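This report describes one protein model in plain terms. Look at the sequence and the structure first, then read on.

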Amino acid sequence: MRLIIRDDALAASTYVANYIIDRIRAFNPSAQHPFVLGLPTGSTPQGVYKILVERYKAGEISFEHVVTFNMDEYVGIPRDDAESYHSFMYKHFFSHVNVDPSNVHILDGNAANLEAECVAFEDAIKAAGGIDLFLAGIGEDGHLAFNEPGSSLASRTRVKTLAYETILANSRFFGNDVTKVPRMALTVGVQTVLEAREVVVVILGQRKSIALQRCVEQGVNHMWTLSSLQLHPHPMIVVDEDATLELQVKTVKYFKSIEKIALEEGFEQILPSKVRTGIGSSVPETRIHSLDDFDGPDPSILAPQPTTSRLLRATPATEYPIRSVSPDLVPDRMASRIPEPNLSMRLTPKPELQLTPHNAIKA
Ligand SMILES: N[C@@H]1[C@@H](O)[C@H](O)[C@@H](COP(=O)(O)O)O[C@@H]1O
């Protein structure tokens, strides 16, 4: 995991926007081989969207061949409601850049069959070749998308009941009236996020600092679903100083030193090589089970998915660049490292030559 710490929200957002732009440019997307970007909503990513829009307007990046998948959407509020995630995305991003509307995928929280909508969303991700970079934010309880505490770490896109804390936190967008906040949402699952080739999470402000601490310094735990990122091969969390308030000083120092050394060595992040190089490289075969694959008696029950990414497993491990080869540890006995003693230098004389009271009298 990489944890990038910047002084403030603007610096953190700038880092993330530049990072996404660099990735898209390096990928060199085309209509046949578009860059697939997962996107979040919330107040946190607004700074990133603002910078992406500015850079687009300055002619520095094009989203023409970028396919997008949004993480989540409320159930039951009209698509054109000011607080729907459809409205959010068009207001903050899509209406300002050259994303092709047919490349935009946002879950429909008003679909007649919500479960079928979720299955179709997973299928659309699969058809697009999987997500290249999933950008995300988190809730104060460490939720990723709407994967609330207790969500299965093997979950996929589904209907989710919102935790009361989330309803309370999001009521600020609904005139601070908790009764106006939708109780349900459609959300990608934890496993859907983990299958992206790269995951970048932005965390800003003191109110997210406990969640960051739980997810970075403690173990993988379904009560803090962001912690599942520890299972991903290429996760990056970008934070401002305030978000680090609950971290140990040594954790902060460690991640800062890692970034410094990486920069000195001339690289920022090593990625799976072939899958990242865009045009000309083959996209690994994606095998994600869907309801169609299930031929048992009850199609609503899917076999548990493994926690490791099928997409990433599709790429042979040898295609991942290796930073350095660490020599194997050969266990040895400490004694073999100690030179043979020089007997003439012994501090304790030979016992037989030692003058004891007994042989002193004899002498
Ligand atoms: N479903 C979204 C999450 O994807 C988002 O990360 C979270 C935090 O939002 P904010 O950035 O406003 O704190 O809000 C909602 O719960």
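How many nonpolar, polar and charged residues does the lining of the largest pocket have? The lining has 12 nonpolar, 13 polar and 9 charged residues. The model behind this count is predicted.

## The largest pocket

The volume of the largest pocket is about 630 Å³. There are 34 residues in its lining, and those closest to the centre of the pocket are Gly42, Ser43, Tyr85, Asn170 and Phe173.

At least two residues each come from strand 4 (72-74), helix 3 (85-92) and helix 5 (164-170). Helix 3 gives the most, with 5 residues.

For strand 5, the pairing with strand 3 (residues 66-70) is parallel and consists of 2 bridges. Phe69 has His105 in strand 5 as its bridge partner.

## Strand 10 and its neighbours

Strand 10 covers residues 235-240. It pairs with strand 1 in the parallel sense over 5 bridges, and Arg2 stands opposite Met236 of strand 10. Strand 10 also pairs in the parallel sense with strand 9 (residues 199-203), again over 5 bridges. Here Ile203 stands opposite Val239 of strand 10.

How is the path from strand 9 to strand 10 made? Strand 9, helix 7 (residues 209-217) and strand 10 form a β-α-β unit, and this unit is right-handed.

## Burial of strand 10

How many of the residues of strand 10 are buried? The count is 6 of 6, and the strand is described as mostly covered. A residue counts as buried here when its relative accessible area is under 20%.

In a regular strand, side chains alternate between the two faces of the sheet. In strand 10, one side holds Pro235, Ile237 and Val239, and the other holds Met236, Val238 and Asp240. These residues are all buried, and both faces of strand 10 are covered.

Note on methods:
Residues numbered from 1 in each chain as written. Predicted model: local features only at pLDDT ≥ 70, side-chain atom pairs only at ≥ 80, totals over all residues. Heavy atoms only, no water. Pairing = 2+ DSSP bridges. Helix = DSSP H or I, 4+ residues; strand = E, 2+ residues; numbered from the N terminus. Buried < 20%, exposed > 50% of the residue type's maximum accessible area, 1.4 Å probe, protein only. Right-handed = clockwise from strand over helix to strand, strands pointing away. 1 Å grid on protein atoms, 1.4 Å probe; cavity = no way out; pocket = protein on both sides within 12 Å on 5 of 7 lines; lining within 4 Å. Points joined across faces, edges and corners; volume = space filled by probe spheres on them. Nonpolar A, V, L, I, M, F, W, Y, C, P; charged D, E, K, R; others polar.
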